[in-house]
There are 2 protein chains.
Amino acid sequence: MLLAELATSEYVLSTQPKLETFVATVLKTVGVAPDDSRVVAEVLVASDLRGIESHGVARLESYYVSRIRAGKLNANPAYRIVRETGTSVVYDADNGLGHPVAKMAMQKVIEKARAQGAAFGAVRNSNHFGIAGYYAMLALDHDMIGLASTNSVRYGAPTYGRDIMLGTNPLAFAVPTAKEPAFVLDFATTTVPRGKLEVYQRKEKPLEDGWAIDAQGHPTTEPAEALKGALLPLGGFGVEHGGHKGYGLGMLVDILCGVLSGGAFGNILPLPSSGPEAGAISHWFGAFRVDGFRDVAEFKADMDRELRAFKQSSKVPGQTRIYVAGEIEHEKTFYHRENGVPVHHKVWAGLQKLAGELEIPFALQK
Amino acid sequence: MLLAELATSEYVLSTQPKLETFVATVLKTVGVAPDDSRVVAEVLVASDLRGIESHGVARLESYYVSRIRAGKLNANPAYRIVRETGTSVVYDADNGLGHPVAKMAMQKVIEKARAQGAAFGAVRNSNHFGIAGYYAMLALDHDMIGLASTNSVRYGAPTYGRDIMLGTNPLAFAVPTAKEPAFVLDFATTTVPRGKLEVYQRKEKPLEDGWAIDAQGHPTTEPAEALKGALLPLGGFGVEHGGHKGYGLGMLVDILCGVLSGGAFGNILPLPSSGPEAGAISHWFGAFRVDGFRDVAEFKADMDRELRAFKQSSKVPGQTRIYVAGEIEHEKTFYHRENGVPVHHKVWAGLQKLAGELEIPFALQK
């Protein structure tokens, strides 16, 4: 969001330090350990900085605090390693917050990859961990390629299916560069998130083809019908537009996270309507050293060449830029650090209410 | 293809052993080493067995033999390792056939993953290697998860771009199971392959939305215009249907294969119209042990549960089956082994012509 848009928008400006301090204070107040609180704050605010409002402070109350207060999410989990080799590690998150254990697991994977060249890790019995890209990006400073993924509560149907069987199951990959922003691909394997259907319903706009089916399994562009149905995988309905590929990727994520970790998977995972379920989410991570393949400086210089070639290629009529993965989020992060982090006024009001309830200071304004 | 269809079709039936022997004989006759010839035969016929005719014996002349005879592809390459660690290996294929060096690289990756738990590999300066899934599946017998990928000559445009910048860049993942067929996801990161546009042109059928753009960069459903333009990434034109995700995946493949191996990448890769270029293709492989995460037998039993849950879930109106990745190809392989491998009569005639030119026996009929 640019300031020009903000001026006429319904957003209030805060700052990264203020938001992080607030989120950490909220979590500490509801019983989360200080170190864990800081990690959650860092991940949520990183999402707002990257312009991914849906995964940022907007979720503080509904995804995390409300579940802790309802006794559905363990504020003081005993994160523990349940299996470990030189190149792998599996954590049980004890139904705690996903962010701290996910960061811990990715750091362990990086440590193992530093020693061995490549490593993978998984976390089971966890909860929502924010943006997958955050964890993949932890590999960048170590001259490694990072991978991160998570399954989620279920929203989506398989190709030719009408049962809700799959989460939005994101996959993230981060690749280091020299002077260009890192290549960071972080995407849900459904065509759109469920929140997008809700936005279109509020705006009374028809959906695009390929986003959703109704409860009977027919493709629909009607938001109300879609919200009673299921999201479609990347590629849309059937196989004509490659929907079977998005379905396969979504299932791959469920396998790598849920089945491989020994956690919940498939139709064992909760539906959003069934309310918060204890620790049903699993994550998966990977990292490998670039210098196992070639000289790091040469690789990074070629990455810059690769990204620039795409950015400088010819545009279709009416478009002025070709982006590479992670570029928009990188630009927004710098912009928001400099100019303030926009928080939607409804989210702002929610945070203010939360501060009142918890009797903590609310001083978020930039 | 079922026999009922075959009876009224334009296919001739051969067998796996006859086709493999023929392909190997052809390649030996044009100067390829016997061992390498057998690997190429195995991979090409595996593709026909799996029902992926486009990547099978149909390509023997155009992709491999013609290039060897024209001196564009090295029949006797010195495949060599140019970098190696405990968990990584990079080969230079010396502009040789892709299949033998790809199999060699994946086997080396598996050997390293057996010792270390996880490993990756790449091949540069190579040529078309057939189906990516073949190499990923080599991990299955070792209770590992296998990954394989390759970049290719360019056919596709990036999101909002009209220059041809990306290959069909497939990604393949293979995951072992107990009694169910293995999960094998093998897909091009463009919505459709270029060959599909040619088929629709011959049949005078309009394309589906989201398959291609014309030379000016406008979405088109006209095959002739599309063939002068570019393929679109999985997700189609623009970002509304997730085209930026398919574009990101295609570029990820180009990075993992081309940039990481120190090979050709981006717009350095040849266009199909520019004819065969020496060794411009790169591949990427990975494997990691399931028992780094959990007991293998438990994992495989849960994989069966996962796959069955999807297959048994409710179908949309008009559909009787939900498939999981690799299931159709698995069924076809068994069927074709039992009942014969169908070869299109035009491909058959081409093979017969080739046999005549090379003065080798042609006895492919089942």
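This is a predicted model: local features need pLDDT of at least 70, side-chain atom pairs count only at pLDDT 80 or more; totals for chains, interfaces and linings use all residues.
Which strands of chain B does helix α9 of chain A lie across? Let me start there. The answer is β6 and β7 of chain B.

Next, how the two chains are related.

A rotation of 180° superposes chain B on chain A. The shift along the axis is 0.0 Å, and the RMSD is 0.0 Å. That is the relation of a two-fold axis. Which residue of chain B comes closest to that axis? G235(B) does, with its C-alpha at 2.5 Å.

On to the interface. In chain B, 67 residues are in contact with 68 residues of chain A. Several elements of chain B each supply at least two residues to the side that touches chain A. The strands are β2 (80-85), β3 (88-92), β4 (118-126), β6 (171-175) and β7 (183-187). The helices are α9 and α10 (296-311). The largest share, eight residues, comes from α9(B). By class, this side of chain B has 32 nonpolar, 25 polar and 10 charged residues. And 100% of the interface residues of chain B are also interface residues in chain A, so the copies meet through the same surface.

Let's look at the sheet in chain A. Seven strands form an open sheet there, and the pairing is mixed. Read the order as β2-β3-β4-β10-β5-β6-β7. Which strands stand at the edges? They are β2 (80-85) and β7 (183-187) of chain A. Each has a single partner strand, so one side of each is left without a neighbour in the sheet. From one strand to the next, the twist averages 10°.

Take the β7 end. Strand β6(A), residues 171-175, runs antiparallel to β7(A), and five bridges join them. Here V175(A) stands opposite F183(A).

A helix of chain A packs on this sheet too. Helix α5(A), residues 98-116, touches β3, β4, β5 and β10 of chain A. The direction of α5(A) makes about 160° with that of β4(A).

Stay with α5(A) for a moment. Helix α3(A) spans residues 34-49, and the axes of α3(A) and α5(A) come within 8 Å. They cross at roughly 90°. The two helices are therefore roughly perpendicular to each other. Which residues meet? From α3(A), D36(A), V39(A), V40(A) and V43(A). From α5(A), H99(A), P100(A) and K103(A). By class, that contact has four nonpolar, one polar and two charged residues.

Over to chain B. Its sheet is open as well, with seven strands in the order β2-β3-β4-β10-β5-β6-β7 and mixed pairing. At the edges stand β2 and β7 of chain B. Neighbouring strands are turned by 10° against each other on average, direction ignored.

First, β3(B) and β4(B) run parallel, joined by five bridges. V90(B) has A122(B) as its bridge partner in β4(B). Is β4(B) largely enclosed or open? Nine of its nine residues are buried, so β4(B) is largely enclosed by the rest of the structure. Second, β5(B), residues 144-150, and β6(B) pair in the antiparallel sense over four bridges. There, G146(B) has A174(B) as its bridge partner.

Last, two loop residues of chain B.

T191(B) sits in the loop between β7 and α7 (194-202). Is T191(B) buried or exposed? With 30 C-beta neighbours inside 10 Å, T191(B) counts as buried. Leaving aside neighbours within four places in sequence, the contacts of T191(B) include W211(B), L232(B) and G246(B). They also include H241(A) and G242(A), from chain A. G246(B) is 55 residues apart from T191(B) along the chain, yet their C-alpha atoms are separated by 8.0 Å.

Y323(B) lies in the loop between α10 and α11 (327-339). Y323(B) has 20 C-beta neighbours inside 10 Å and so counts as buried. Y323(B) and R308(B) are 15 residues apart in sequence, and 9.7 Å apart in space, C-alpha to C-alpha.

How values were computed. Residues are numbered from 1 along each chain as its sequence is written. Chains are lettered from A and ligands numbered from 1 in the order in which they are written. Two strands pair if DSSP finds at least two bridges between them. Axes are lines fitted to C-alpha atoms, for helices over the stretch in contact, and angles run from 0 to 180 degrees between N-to-C directions. Two residues are in contact if their C-beta atoms, placed from the backbone, lie within 7 Å. Ala, Val, Leu, Ile, Met, Phe, Trp, Tyr, Cys and Pro count as nonpolar, Asp, Glu, Lys and Arg as charged, and the others, Gly among them, as polar. Copies are superposed by least squares on the C-alpha atoms of residues with pLDDT of at least 70 in both. Angles under 35 degrees count as roughly parallel, over 145 as roughly antiparallel, 65 to 115 as roughly perpendicular and the rest as oblique. A residue is buried if 20 or more other C-beta atoms lie within 10 Å of its own, exposed if 12 or fewer, and partly exposed in between; C-beta atoms are placed from the backbone.
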